[in-house]
Structures are given as structure tokens and as C-alpha cells.
Amino acid sequence: MKILVCISKTPDTTAKIAFTDNNTKFAEAGVQWIINPYDEWYALVRAIELKEKDPTTVLHLVNVGGADAEPIIRKALALGGDEAIRINAQPTDSFTVASEIAAVAKSGGYDLILTGKETIDYNGSSVGGMVAELLDLPYVSLATKFDLNGTTATINREIEGGEETCEVNLPVVVSCQKGVAEARIPNMRGIMAARTKPLKAVEPVAAAKLTTVVSFELPAPKAGVKLVPADQPEELVRLLHEEARII
């Protein structure tokens, strides 16, 4: 079996967010970059678990980005990937990213393509579905559990008000979230091995950019905390009713 895991580079959750170019571009100066947690903790780790059960499984990683993404790709290889492919293009919008990944997936003949449910910077949750459409494959999103029996996958996923169990034959594209696997930390052996694992850069295919950022805005600053004396419950009720508007 061949598995392809999509890896995205995102700012660390502690990064200070700012914008440049008239609020149309994210300011990258001084930002610490990490593997998108949904890709790392869930999609990649579940793929590693499948490989551990069947050592004949081939596990590849794919990333759309410049050479500055290679440190986070190496970290993903340290966790357990066999080989990585970096598509030498800047990720401009979801469709271009999906198009580049689909081209690699099509030429590689993968049985299973895993992504995180979304990236923590844009929260678009759209790349997995687009990849599936471009490859004419079934797509199961928001997986919380993934089991494989031969070429049949049983997947639990969240739906409005509950959970759904799906059964699908490979090949398939699946987006993963909390529950599908437990996060891992690279060990020293994996870190050393990652230095020599293949990481090849390929040139992008021609892909249309369908969306353009008009502007970014930071959320409004939070208001200060109001303390209400314990002997003034009527004031608390007034604030909750007139200002917070929750009662």
C-alpha cells in the first residue's frame, strides 16, 4: 500500500500576527514555523501507525512551498515518513495547492491520501475535498477514527449532532482530526535517520489561482474585565442583559 500525507507549514500558535502590503499579506519576519498540527498529530501519525502494522507500506509526504519549508518537512520525516516531495511553489490559494498535490498523487498511484482537517492559519478545510475531486476519488472529512481491513476502510466522522460511520474502498482521500491518532514526538533515531531520507523538489504544474486576498483584519481587542461586588447581584444581571446580551 502507498500512503501520501499532505504537510503544511503554519505559524506557531504563539506567533504574533501582523500584516504588510496594505493588510494583504501575512508578515513573516520573526515568525517561528511548525508543521500544521492537524497534519502532524493526526494524519501523519495515523499513517505511521498503519505502516507499523504493515511494514511493506510506503509512506510519502508532500508539501507545497519553498525551500524554507524543508526544516518542517525533515521533522515530519523524523516522525516516520519514508520520503518527502516538496512542490516548489508558494501556496497561494486552496485550489492551486490542491492542484499541485493532485498532480503528485496521480503520478504516484497512492492508495490512501491523508490530510489534516484544516490548517491553523487559514482554517479553510477545503484542500482535501478539492484533491479528491481532482482525482475523482471518494472523500471522507473530519475523521475521528480510521481502521483498515485489506482495501476497505471504516471511518468514523463527526456530523451535526453526532457521529457517522462510513465504509469505503481504497483509494480514498481522508481529512483527519482529534481522535484519529495520538500525537508523537520524534525520537533521536528518527531525527538522525531523517537527515538522509529522500526529500526531492519538483516543479509545479500549471494551476489557476481562483481567489485573491483583498485584506486581512485583526480581531477587535478584548475589553477589560469588569468586577462586580458580591453584594450587587442586580448590577451583574444588568451587565449580562444590557451589555453582554446573554440573558
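**Entry 1: a pocket**

I looked up the lining of the second largest pocket and noted Ala 78, Leu 79, Gly 80, Arg 184, Ile 185, Pro 186, Asn 187, Arg 189, Gly 190, Ala 193 and Lys 197. Helix 2 (70-79) and helix 5 (188-194) are the elements that each give two or more residues to this lining. I recorded that helix 5 supplies the largest share, namely three residues. For the volume of the second largest pocket I wrote down about 230 Å³. I keep in mind that the model is a predicted one.

**Entry 2: helix 1**

I then looked for a bend and found one of about 30 degrees at Val 45. I also checked how helix 1 is placed: 13 of its 17 residues are buried, so the rest of the structure largely encloses this helix.

**Entry 3: aromatic pairs**

I asked how many aromatic pairs there are. The count comes to five aromatic pairs. One of them joins Phe 26 and Trp 33, with 6.1 Å from centre to centre and 80 degrees between the planes. This pair is edge-to-face, because planes over 60 degrees apart are given that term. I looked up the accessibility of Phe 26 as well: at 14% relative accessibility it counts as buried, because the cut-off for buried is under 20%.

Trp 41 and Tyr 42 form another edge-to-face pair, for which I noted 6.2 Å between the centres and 90 degrees between the planes. Are the two residues buried or partly exposed? Trp 41 has 36% relative accessibility and therefore counts as partly exposed, whereas Tyr 42, with a relative accessible area of 10%, is buried.

I also found a cluster in which ring pairs link Phe 19, Tyr 122 and Phe 216.

**Entry 4: lysines over rings**

Lastly, I asked which ring Lys 9 lies over. Lys 9 lies over the face of Trp 33, at 4.2 Å from the ring centre; Trp 33 is also the partner of Phe 26 in the edge-to-face pair of my previous entry. I noted a further case in Lys 2, which lies over the face of Tyr 110 at 4.7 Å from the ring centre.

Note on methods: Residues numbered from 1 in each chain as written. Predicted model: local features only at pLDDT ≥ 70, side-chain atom pairs only at ≥ 80, totals over all residues. Heavy atoms only, no water. Phe/Tyr/Trp six-rings, centres within 6.5 Å; stacked < 30°, edge-to-face > 60°. Buried < 20%, exposed > 50% of the residue type's maximum accessible area, 1.4 Å probe, protein only. Lys NZ or Arg CZ within 6 Å of the ring centre and 35° of its normal. Bend = angle between axes of the 7 residues up to and from the residue. Helix = DSSP H or I, 4+ residues; strand = E, 2+ residues; numbered from the N terminus. 1 Å grid on protein atoms, 1.4 Å probe; cavity = no way out; pocket = protein on both sides within 12 Å on 5 of 7 lines; lining within 4 Å. Points joined across faces, edges and corners; volume = space filled by probe spheres on them.
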